[in-house]
Amino acid sequence: MTAVLSVDGATLSFDDKVIWENLNFQVQPGEFVALIGANGSGKSMLLKSILGQQQLTSGDITFMGKKASSGSTDIGYIPQHRALDSHLPLRVFDAVRLGLDGHRFGLPLTSSKTKGAVMEALAKVDATEMANIPLGELSGGEMQRVRVAQALIGKPKLILADEPLSALDLNHQQVVSGLIADQAKKQGSAVIFVTHDLNPISDYVDRVIYLAHGKYEIGTTDEVMQSDVLSKLYGTEIDVVRNQGRIVVLGAHDHNHHEDEQWV
Amino acid sequence: MEFSDVFNFSDYDRLIPLVTNSLWAGALIALIGGLVGVFVMNRELSFAVHGISELSFAGAAIFLLIGFDVVLGSVVGSITAALIIALLGDKSKDRNSIVAVLMPFGLGLGILALALYPGRAANKFGLLTGQIVAVDDPKLASLAVISAIVLVVLFLIWRPLLFATLDVEVAAARGVKTKLLGIVFVLLLGLAVAGAVQVVGALLVLALLVTPAAAALRLSKSQLWVPVLSVLFAMVSMLGGILLALGGGLPISPYVTTISFLIYLIARGASWVIDKTAVKA
């Protein structure tokens, strides 16, 4: 099986600050990879590099056999939640539809086939009733579900999700992570899922990439989420506690993080 | 000044044929202005429109002075401004300061050229405030070509441009050339401005490229109805303005801008009433 994504010796640094160094991993079709690490560890930067929007300092990123460059219709991207300009004369339906064919030239005329595909994508995120609501009137969580539908409707080979659960309530966290996992298993899409909490997605994760201080660990959840592994990565004492199926990381101090414990 | 200077429709039937060209030109400009305006609003380019129109005016005035085609001068001026804004002003903040720097320079350059121009004063100010009987056949032909280019290219890039306007990161991730599209759109905007300057004058371009779209966005959030209403409002302002201007001895602009402004006020009022009723219901 050929890898969907191959990262070979990828290094990113700005001036003297190394964001991450010598990353090496491959992602296979259908594989669900969680990308975690503290703020400033370069998780979003890694996604941007895969999208070809951030130049590597050295190394290569190959997507479907080609050097990653300026996006692809085989990628579904779910950005971090942020407020949207409410002026746009677009409804939920129109936004999801752009995820299907927004890259094509011409006017957005809607065929019955397109309409069916959009309504199906909306039904999956539990948003059928929202189809005709203007985007400007959505709450943060509703907008995030629209973004998920927009990213999945094109049946991408690779899903890049940047903290997609951040604006969602618990119920929709489950809906959205289940949906992304389902896409991975049934359609064979590879997933890179940026998060700082493994627990909502622990059932789906095949492997974890943990970024810290320019270094990384990769492996299954059980391999990476160990006190000795993370202590070595951070260079300081870290406790990984398992409690009723939840994983809690204690003492993951970070320059950009001033909490005593970090829920991973 | 008598009231009859503002409204006097005694010889109306004989005057209409004199402005047939202007009516056609007005309709073309209203069509492209109304459509381009929808993206101007959503890409926050209103201020850039003003900057482009001042350089368009400068180009037209300079070409008038040296005896070249005024429409061509207008196009050269606005394309130059559009390129500067597109290439230097990637972020909205940068763009505003670049426009603010360009605008007075363009206006000053244009006024200099007009001051040096030996022709009649009425022709001079037409470029700033609009003129109704100045559209001759060659000018109408150039406006038709400009409008055709804008219309064809805009319809071609409509969908990816909409995607890039909605969410530039997601569109780029799907392979949309967002930067290139942004530049192409600003160039189309430059062409539309150059056309509008010929009819309403440089100072009042916003009344055609921003006000109708702003009014339409008050009334609808539909991606079909906003452009349709925007074009309709631009048409009513433009053609209504020309027909009213014919009745008086005043320039066309006050009529066009007043109608356009009234439509905006009515749209705001209507959206306020609709919102209020919606809350009650």
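Chain A holds 7 helices and 13 strands; helices (H or I, at least four residues) and strands (E, at least two) are DSSP runs, numbered from the N terminus. The radius of gyration of chain A, taken over C-alpha atoms, is 19 Å, close to the 18 Å of the globule rule for 264 residues, so chain A is as compact as a globular protein of that length. That rule is 2.2 Å times the number of residues to the power 0.38. This is a predicted model: local features need pLDDT of at least 70, side-chain atom pairs count only at pLDDT 80 or more, and totals for chains, interfaces and linings use all residues. Residues are numbered from 1 along each chain as its sequence is written, while chains are lettered from A and ligands numbered from 1 in the order in which they are written.

**Chain A overall**

- The C-alpha trace of chain A spans about 55 × 40 × 35 Å along its principal axes.
- Of its 264 residues, 42% count as buried. Buried takes 20 or more other C-beta atoms within 10 Å of a residue's own, exposed takes 12 or fewer, and partly exposed lies in between, with C-beta atoms placed from the backbone.
- Among contacts in chain A between residues at least 6 apart in sequence, 63% join residues at least 24 apart. Two residues are in contact if their C-beta atoms, placed from the backbone, lie within 7 Å.

**Positive phi in chain A**

- Most residues other than glycine have a negative phi.
- D15(A) is not a glycine, yet has a positive phi of about 50°. D15(A) sits in the loop between β1 (5–14) and β2 (17–27) of chain A. D15(A) counts as exposed, because it has 5 C-beta neighbours inside 10 Å.
- S70(A) also has a positive phi, near 35°. Its loop runs between β5 (66–67) and β6 (75–78) of chain A. With 14 other C-beta atoms within 10 Å, S70(A) is partly exposed.

**Contact between chains A and B**

- Chain B gives 26 residues to the contact, and chain A gives 26 residues.
- On the side of chain B that touches chain A, the elements giving two or more residues are α3 (20–42), α8 (137–166) and α9 (168–173) of chain B.
- α8(B) gives the most to that side, with 10 residues.
- By class, the side of chain B that touches chain A has 16 nonpolar, 6 polar and 4 charged residues. Ala, Val, Leu, Ile, Met, Phe, Trp, Tyr, Cys and Pro count as nonpolar, Asp, Glu, Lys and Arg as charged, and the others, Gly among them, as polar.

**α8(B) against α10(B)**

- α8(B) packs on helix α10 (residues 178–200) of chain B at an angle of about 150°, with axes 9 Å apart. Axes are lines fitted to C-alpha atoms, for helices over the stretch in contact, and angles run from 0 to 180 degrees between N-to-C directions.
- α8(B) is therefore roughly antiparallel to α10(B). Angles under 35 degrees count as roughly parallel, over 145 as roughly antiparallel, 65 to 115 as roughly perpendicular and the rest as oblique.
- The crossing is left-handed: the near helix is turned anticlockwise from the far one by less than a right angle, where clockwise would be right-handed.
- Contact residues include L143(B), I146(B) and V150(B) of α8(B), and L181(B), F185(B) and L188(B) of α10(B).
- The residues of this contact divide into 17 nonpolar, 4 polar and 1 charged.

**α12(B) against α13(B)**

- Helix α12 (residues 211–219) of chain B meets helix α13 (residues 225–247) of chain B at about 135°, with axes 8 Å apart. The two helices are therefore oblique to each other.
- Their crossing is right-handed.
- P212(B), A213(B) and L217(B) are among the α12(B) residues in the contact, and V226(B), L229(B) and F233(B) are among those of α13(B).
- By class, the contact has 10 nonpolar, 2 polar and no charged residues.
- α12(B) is largely enclosed by the rest of the structure, because 8 of its 9 residues are buried.

**Two buried residues in chain B**

- G37(B) lies in helix α3 of chain B. G37(B) counts as buried, with 32 C-beta neighbours inside 10 Å.
- Beyond its neighbours within four places in sequence, G37(B) is in contact with L209(B), V210(B), P212(B), A213(B) and S230(B).
- V231(B) is in helix α13 of chain B. V231(B) is buried, with 22 other C-beta atoms within 10 Å.
- Leaving aside neighbours within four places in sequence, V231(B) is in contact with A30(B), L31(B), G34(B) and L35(B).
- V231(B) and L209(B) are 22 residues apart in sequence and 9.8 Å apart, C-alpha to C-alpha.
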